[in-house]
Each structure stands twice: as structure tokens, then as C-alpha cells.
Amino acid sequence: MPDKSKDLTLIELQSKYSDLKLVKRWLTEGQRPQYNEVSGKGYFIRSLWSQFDCLELQGGIVVRRHDDRERNIVKLQAVIPMSERKQVLEYCHDTEYAGHLAVHKTREKIRQSYYWPGLQSDVRAYVGGCNKCTRNKFPIKGSVPHRDWRRAMVVTRVRDQPVWLIM
């Protein structure tokens with residue numbers, strides 16, 4: 001059983017991640033820095049810089065406002081630090097609750113509550129590397145008797161009624 005005393009809140013996790021500390025400072029000051037201040041930084045910080053108008057602080061947590069035009073609602077997605085992404089991917093793909101859904105549905109499940117730059121490619125890589133999904137998608141040849149049912153089905157007419165004969 002995991003030691004719950006070591007569990008950290010999302011506020012604490014975001015505070016430990018230097019890029020998110022920087023974004024929190026931007027949001028607290030209410031001002032996006034000039035691009036030359038972030039141009040030398042990594043993809044994560046540059047991506048959040050470009051989405052500054054969609055970011056806000058909610059209870060000390062950096063969130064992204066996402067307009068779901070399909071459902072005509074606005075979602076608040078917690079921005080997830082690098083250290084917690086695998087845990088989110090596991091929860092939204094591997095657990096019984098998640099059901100090993102494919103890339104699109106796993107991504108949409110994550111987007112209901114969470115966000116990080118590069119989410120789509122991370123989900124694609126994670127689901128593509130899932131052993132259970134790979135086994136189900138490409139079963140080992142010879143493990144289950146295979147029969148080409150399309151060739152085995154023959155339609156014949158008996159007194160003007162179709163009858164399926166499997167040979």
C-alpha cells in the first residue's frame with residue numbers, strides 16, 4: 001500500500017517545477033513577458049507563453065481554459081508538471097476505469113481535467129507502447145485457430161429463401 005504521507009497536492013507539485021513557478025509568477029503579476037525572455041527556454045515554457053491568455057490561477061493551481069466548441073462549454077484543465085504525466089497517462093489508459101481505450105479516447109479523457117504541452121504526442125507514444133493494447137490489436141499468430149469466414153460462407157437458395165451454409 002502506498003505511503004499517503006508522501007503524496008503531494010497539485011499545488012505543491014506545480015511549485016516544485018521551475019517552469020510552472022515561472023508561469024505562476026506571470027499570472028500573479030498579470031503580465032506576459034516579452035518573447036525574447038522565453039525564446040531560449042524549452043518547448044514547455046514557450047508553449048505556455050503562447051497560451052498566456054488561456055491560463056489562470058484557480059486556488060493556487062495553474063489551469064488552462066479550454067473552449068470545447070463541440071459541447072459549447074469551457075473546461076478548466078490543470079497544467080500537469082513533467083513528473084506527474086506518466087501517472088495521469090496510466091490512470092486514464094491502464095486502469096479498469098479507463099479500459100485501455102485507443103489514442104483519441106484516452107486523449108479526450110485526459111483533456112477533461114488535465115493539460116500539458118505535447119499531450120497529444122505523449123498519449124500517442126504511451127498507447128502505442130502499451131503491451132496489452134498491442135497484444136489485443138495484433139494477437140500472436142497460431143494462438144487462436146483462425147478461419148477466413150468470408151471464404152467459408154456460401155449462399156444457396158432453398159425454395160427462394162436464403163440459407164447460410166458454413167463449410
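A: Let's begin with the word "contact": two residues are in contact when they have heavy atoms within 4.5 Å of each other. Keep in mind that this is a predicted model, in which local features need pLDDT of at least 70 and side-chain atom pairs count only at pLDDT 80 or more, while totals for chains, interfaces and linings use all residues. Residues are numbered from 1 along each chain as its sequence is written, and side-chain values use heavy atoms, with hydrogens and water left out.

Helices here are DSSP runs of H or I with at least four residues, numbered from the N terminus. With a relative accessible area of 14%, Trp49 is buried; that word means under 20%, while exposed means over 50% and partly exposed lies in between (1.4 Å probe, protein chains only). Which residues does Trp49 touch, leaving aside neighbours within four places in sequence? They are Trp26, Arg32, Pro33, Gln34, Tyr35 and Val38. Val38 is 11 residues from Trp49 in sequence, and the two C-alpha atoms are 7.7 Å apart in space.

Next come the charged side chains. Side chains of opposite charge can pair when their charged atoms come close. A salt bridge is counted when a side-chain nitrogen of Lys or Arg is within 4 Å of a carboxyl oxygen of Asp or Glu, and the structure holds seven of them. One of these joins Glu29 and Arg25, with the closest N and O atoms 3.8 Å apart. Both sit in helix H2 (residues 18–29), and because they are four residues apart there, about one helical turn separates them. Glu29 counts as exposed at 54% relative accessibility, whereas Arg25, at 47%, counts as partly exposed.

Now move along to Asp68. Its side chain meets that of Arg71 in a salt bridge of 3.3 Å, N to O, and Asp68 also pairs with Lys75, where the closest N and O atoms are 3.2 Å apart. Asp68 and Lys75 are both buried, but Arg71 is exposed, with a relative accessible area of 53%. Through shared partners, Asp68, Arg71 and Lys75 form one network of salt bridges.

Finally, look at how helices pack. Two packed helices are described by the angle between their axes and the distance between the axes. The axes are lines fitted to C-alpha atoms over the stretch in contact, and the angles, between N-to-C directions, run from 0 to 180 degrees. Helix H6 (residues 103–111) packs on helix H7 (residues 119–128) at about 130°, with the axes 9 Å apart. The pair is therefore oblique, the name for angles that are not under 35 degrees (roughly parallel), over 145 (roughly antiparallel) or 65 to 115 (roughly perpendicular). On the H6 side, the contact is made by Val103, Thr106, Arg107, Ile110 and Arg111, and H7 brings Leu119, Gln120, Val123, Arg124 and Val127.

H6 has another partner, helix H5 (residues 85–93), with an angle of about 115° and axes 9 Å apart. Here Val88, Leu89, Cys92 and His93 of H5 meet Thr106, Lys109 and Ile110 of H6.

How values were computed:
Helices (H or I, at least four residues) and strands (E, at least two) are DSSP runs, numbered from the N terminus.
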